[in-house]
Amino acid sequence: MRRITSACLLQTMRFDTTSDADPDKDFEIFCGKLDRKKIRYSIEDKMKEADGSLVIKIRKQYNSYKPDGYLD
């Protein structure tokens, strides 16, 4: 029998400037949603592109699995 003891996702996300959107505000809203849902996360990298978009690398808890060793 196999059992997952801990899990984590590493994602690269792009917050665009389409329709006059503010990528920094979109990023703050995204982080607020994670906080409200009590999803643990860590921002690995955050960079601003030449066109104004924001690219982040985020490590976050996967489903309800423990992120032991991934977010310490």
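Contact between residues is taken throughout as heavy atoms within 4.5 Å. The structure is a predicted model, in which local features need pLDDT of at least 70 and side-chain atom pairs count only at pLDDT 80 or more, while totals for chains, interfaces and linings use all residues. Residues are numbered from 1 along each chain as its sequence is written, and side-chain values use heavy atoms, with hydrogens and water left out.

Secondary structure was assigned from DSSP runs, numbered from the N terminus, with helices (H or I) of at least four residues and strands (E) of at least two. Three strands form an open sheet in the order β1-β3-β2, with antiparallel pairing; two strands are said to pair if DSSP finds at least two bridges between them. β1 (8-15) and β2 are the edge strands, each pairing on one side only. From one strand to the next, the twist averages 15°. The antiparallel pairing of β1 with β3 extends over eight bridges, and Met-13 stands opposite Ile-56 in β3. Helix α1 (residues 23-36) packs on the sheet and touches β1, β2 and β3, its direction making about 5° with that of β3. For such angles, axes are lines fitted to C-alpha atoms, for helices over the stretch in contact, and values run from 0 to 180 degrees between N-to-C directions.

The largest nonpolar core comprises eight residues, namely Phe-15, Phe-27, Phe-30, Cys-31, Leu-34, Leu-54, Ile-56 and Ile-58. α1 and β3 each supply at least two residues of this core, and α1 gives the most, with four residues. A nonpolar core is here a set of buried Ala, Val, Leu, Ile, Met, Phe, Trp, Tyr and Cys residues joined through side-chain atoms within 4.5 Å. Buried denotes under 20% relative accessible area, exposed over 50%, and partly exposed the range in between (1.4 Å probe, protein chains only). In soluble globular proteins, nonpolar side chains tend to be buried together. When residues up to four places away in sequence are not counted, Phe-30 touches Met-13, Phe-15, Ile-58 and Lys-60.

Cys-31 is classed as buried because its relative accessible area is 8%. The structure holds zero disulfides, a disulfide being a pair of cysteine sulfur atoms within 2.5 Å. The closest cysteine sulfur to that of Cys-8 belongs to Cys-31 and is 14 Å away, which is too far for a bond.

Ser-53 is found in the loop between β2 (41-48) and β3 (54-61). Because its relative accessibility is 0%, Ser-53 counts as buried. The side chain of Ser-53 makes polar contacts with the side chains of Arg-14 (3.0 Å) and Asp-51 (2.7 Å). A polar contact is a pair of N or O atoms within 3.5 Å; within protein, one must be able to donate a hydrogen and the other to accept it, and residues adjacent in sequence count only if both atoms are side-chain atoms. Beyond its neighbours within four places in sequence, Ser-53 is in contact with Arg-14, Phe-15, Asp-16, Thr-17, Pro-23, Met-47 and Lys-48.

Positive phi values occur at Ser-19, near 55° in a residue other than glycine, and at Asn-63, about 50° although Asn-63 is not a glycine. Ser-19 lies in the loop between β1 and α1 and is exposed, with a relative accessible area of 76%. Asn-63 is located in the segment after β3 and is exposed, with a relative accessible area of 55%.
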